Amino acid sequence: MKYEVLIDGHLHQVELERADKGYECTVDGEPFVLDVVMTARDVLSIIHGGRNYEAKREYSLMGETHIIIGSERFAAEVRDPRSLRSRRAAAGAEAGPAKIIAPMPGKIVRVIAAEGDEVEVGQGLVVVEAMKMQNEIKSTKKGKVTKIAVHEASAVNAGDLLAIVE
Amino acid sequence: MFKRILIANRGEIAVRIIRACREMGIESVAVYSDVDRRALHVRKADFCEHLGPAPASESYLNIPKILDAARRTGAEAIHPGYGFLSESAKFARACRDAGIVFIGPSPESMESMGSKIKARQNMKRANVPFVPGTETGLKSVAEALAVAESTGYPVMLKASAGGGGKGMRMVADAKALAGALESAQSEAQRAFGDSEVYIEKLIENPRHVEMQIFGDAQGNIIYLAERECSVQRRHQKVLEEAPCSFVDPEMRRRMGEVAIKVAKAANYYNAGTVEFLVDADKNFYFLEMNTRLQVEHPVTEMVTGIDLVQLQLRVAAGEPLPIRQEEIILRGHAMELRIYAEDPDNNFFPSPGRITRLISPSGPGIRRDSGMYEGWVVPLDYDPLLAKLIAYGEDRPQVINRLRRALVEYFIGGIKTNLSLFRRILLHPDFQAGRVDTGFLDRLLQEPPVGDARTARRTPIVALAAAIFAQQPPPGSQPARNQDGLHAAAQRTPATASNGDTKPGGWKAAARTEGVGR
């Protein structure tokens, strides 16, 4: 089975074939023979050439998949080239308005920007309080604030829309 | 000795105290708020009392509710832990009035130390060295400007009732003073219900070194060596160790004697900590006294071999200290890492949520004081401290190596933690050489992270792992059932299924069927 895998922004061509104990595969044409077992949900033990790797998977709040090996964390995106949806997603992710999303649940203690404001990248939009800490949520895009979706004292969940910058 | 005590706290410290109780044959009473029914301290205690809603004011800070819980369960004493009511003289007095022993100092000692301003006045009389500044709360911007002018900039603004870096501001020049004073006062008001703020000259690049002291009701006081707590972010301690490599035996004796002088001036008993700022010339200045057990008490326990929580219980029950000053012998080195639910790659944002996977380190010299477990949901209502990873070894390099090894073993999935930060700290040449001060961590965070040489070799394995995972069901769903020939060795549904999820999991569905759903 063929996959396109994006690791920290670099694209790799991966081919996986089931074999005796695990997989016979290639990454960018280079062959790999892996002995793979799943030791727990989202935990793989991978032996390659006698060297052992423990790989863990988790999802970030933004829905990104992370692969952790040893003490290192990698952002990973897997595209099945046959899937139309993932091709579409790959095409138009960066363009268009930026949705500013709550990175954690909490309470809005202050709204800094107003609809119609021109903001720079890194400029504060709202302040969310969680775990006794106040955190300024910043714009990820230079542009105009077209929507502020929250008001002071409202409670938000992780992933909730806070603002839109176009 | 007490038969039953109540622990007016939560999280890892409540678990720590329950452990001491069990070792001494004392029954423990846990208290909890609505969001803590599933917390580890509730699971571990002998008795549990519900307090109320999540906000601390309606639960862990609510004196009448806690005293009611103690009366209902027949607890003879209350251990306050740290934070919450631990430094409330009002609470200590309410316990005394209710005929319940407060495991800590007297309310009078707490009052004389609780306000940093009062503490300074007392210490001045006792001839304790301290940093120049005001002894009273600032009444106006004009007064602040005048004091800052006389001590010289930079200065620090600090909340009288403070701790944990709240209501604290560094001010570089006169222009910034008015704004900083206002924000420090409002932050102090929010955090402590008291807006009083005082001013101190800033000692540049100091070390933060503190001395553990212990007193009994008979008037004996000893010191149990120092802890180095300079590794801090936003005045919040992140890593502590004992002993401090900068302190020699002669300096330790002098600091210890000053700490005892401080404690005697307050007629102090039970566990306490005297904090000092230390400059590059080994001068030390009294900073404040913490009238409670510290978060970082385990490192002192490791190097002295004394269980401080058990000693607190003995002294509170009226026993004299079982050990004299000259019997305290330091052995080896210990270090503690504070594991917080916060994201070091995203400006240390808090990261509450479900712990989907927990793989904990163990092995030689490793101790974990933890309040979390796999499947538990970290609530957003309280402090983000999840656990403390403590290592002991014969010397500092061995401790660093043990912690680096333990960090390879440690995995906390589902939420973000600061584990990766410790890998950077422990590898830093300045840290390894013991060259730390309170600015160390801020400087480290300015440096770009050093890329791991192994990354390039691992990248194909990461790509393969990602593709193999993509054939498995996504995280949080049911475990793989022999799909594609790969099956989970440990198939299980977490016992905490669907806490907060919209779809009921197996357990909750079963509970509903049985009519015991909550």
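I took contact to mean heavy atoms within 4.5 Å. The model I worked from is predicted.

**Entry: helix 1 and helix 11, chain B**

I started with the meeting of these two helices. On the helix 1 side of chain B I listed Arg16(B), Ile17(B), Ala20(B), Cys21(B), Glu23(B) and Met24(B). Their partners in helix 11 of chain B are Leu308(B), Val309(B), Gln310(B), Leu313(B) and Arg314(B). Sorted by class, this contact holds seven nonpolar residues, one polar and three charged.

I then looked up the geometry. Helix 1 covers residues 11–24 of chain B and helix 11 covers residues 308–316. Their axes are 9 Å apart, and the packing angle is about 65°. The crossing of helix 1 past helix 11 in chain B is right-handed.

**Entry: helix 4 and helix 5, chain B**

Next I took helix 4 (residues 89–97) and helix 5 (residues 107–114) of chain B, whose axes come within 8 Å and cross at roughly 175°. Anything over 145 degrees counts as roughly antiparallel, and I therefore put down helix 4 and helix 5 of chain B as roughly antiparallel. Helix 4 of chain B contributes Ala89(B), Ala92(B), Arg93(B) and Arg96(B) to the contact. From helix 5 of chain B come Pro107(B), Glu108(B), Met110(B) and Glu111(B). I noted four nonpolar and four charged residues in this contact, with no polar ones.

**Entry: chain B as a whole**

I looked up the secondary structure of chain B and found 17 helices and 22 strands. The chain has 518 residues, of which 57% are buried. I also checked how far apart in sequence the contacting residues lie. Of the contacts in chain B between residues at least 6 apart in sequence, 63% join residues at least 24 apart.

**Entry: nonpolar cores**

Which residues touch the most other members of the largest nonpolar core? I found Leu6(B), Ile78(B), Ile425(B) and Phe431(B), in a core of 67 residues. I followed up Ile425(B), leaving out its neighbours within four places in sequence. The contacts of Ile425(B) are then Val231(B), Val238(B), Leu239(B), Phe431(B), Phe440(B), Leu441(B) and Leu444(B). Another core, of 33 residues, lies apart from the largest one. Its members include Ile7(B), Ile13(B), Val295(B) and Leu385(B).

**Entry: cis peptide bonds**

I recorded a cis peptide bond between Tyr153(B) and Pro154(B), with omega about -5°. Pro154(B) sits in the loop between helix 7 (141–151) and strand 6 (155–159) of chain B. I recorded another cis bond from Ala242(B) to Pro243(B), where omega is near -10°. The loop that holds Pro243(B) runs between strand 11 (236–242) and helix 9 (249–265) of chain B.

I looked at Asp28(A), a residue other than glycine with a positive phi, near 50°. Asp28(A) is in the loop between strand 3 (22–27) and strand 4 (30–40) of chain A. I marked Asp28(A) as partly exposed, because its relative accessibility is 46%.

I found a positive phi at Asn127(B) too, near 65°. Asn127(B) belongs to the loop between helix 6 (116–125) and helix 7 of chain B.

Definitions and conventions. Residues are numbered from 1 along each chain as its sequence is written. Chains are lettered from A and ligands numbered from 1 in the order in which they are written. This is a predicted model: local features need pLDDT of at least 70, side-chain atom pairs count only at pLDDT 80 or more; totals for chains, interfaces and linings use all residues. Side-chain values use heavy atoms; hydrogens and water are left out. Axes are lines fitted to C-alpha atoms, for helices over the stretch in contact, and angles run from 0 to 180 degrees between N-to-C directions. Helices (H or I, at least four residues) and strands (E, at least two) are DSSP runs, numbered from the N terminus. Angles under 35 degrees count as roughly parallel, over 145 as roughly antiparallel, 65 to 115 as roughly perpendicular and the rest as oblique. Ala, Val, Leu, Ile, Met, Phe, Trp, Tyr, Cys and Pro count as nonpolar, Asp, Glu, Lys and Arg as charged, and the others, Gly among them, as polar. A crossing is left-handed if the near helix is turned anticlockwise from the far one by less than a right angle, and right-handed if clockwise. A nonpolar core is a set of buried Ala, Val, Leu, Ile, Met, Phe, Trp, Tyr and Cys residues joined through side-chain atoms within 4.5 Å. Buried means under 20% relative accessible area, exposed over 50%, partly exposed in between (1.4 Å probe, protein chains only).
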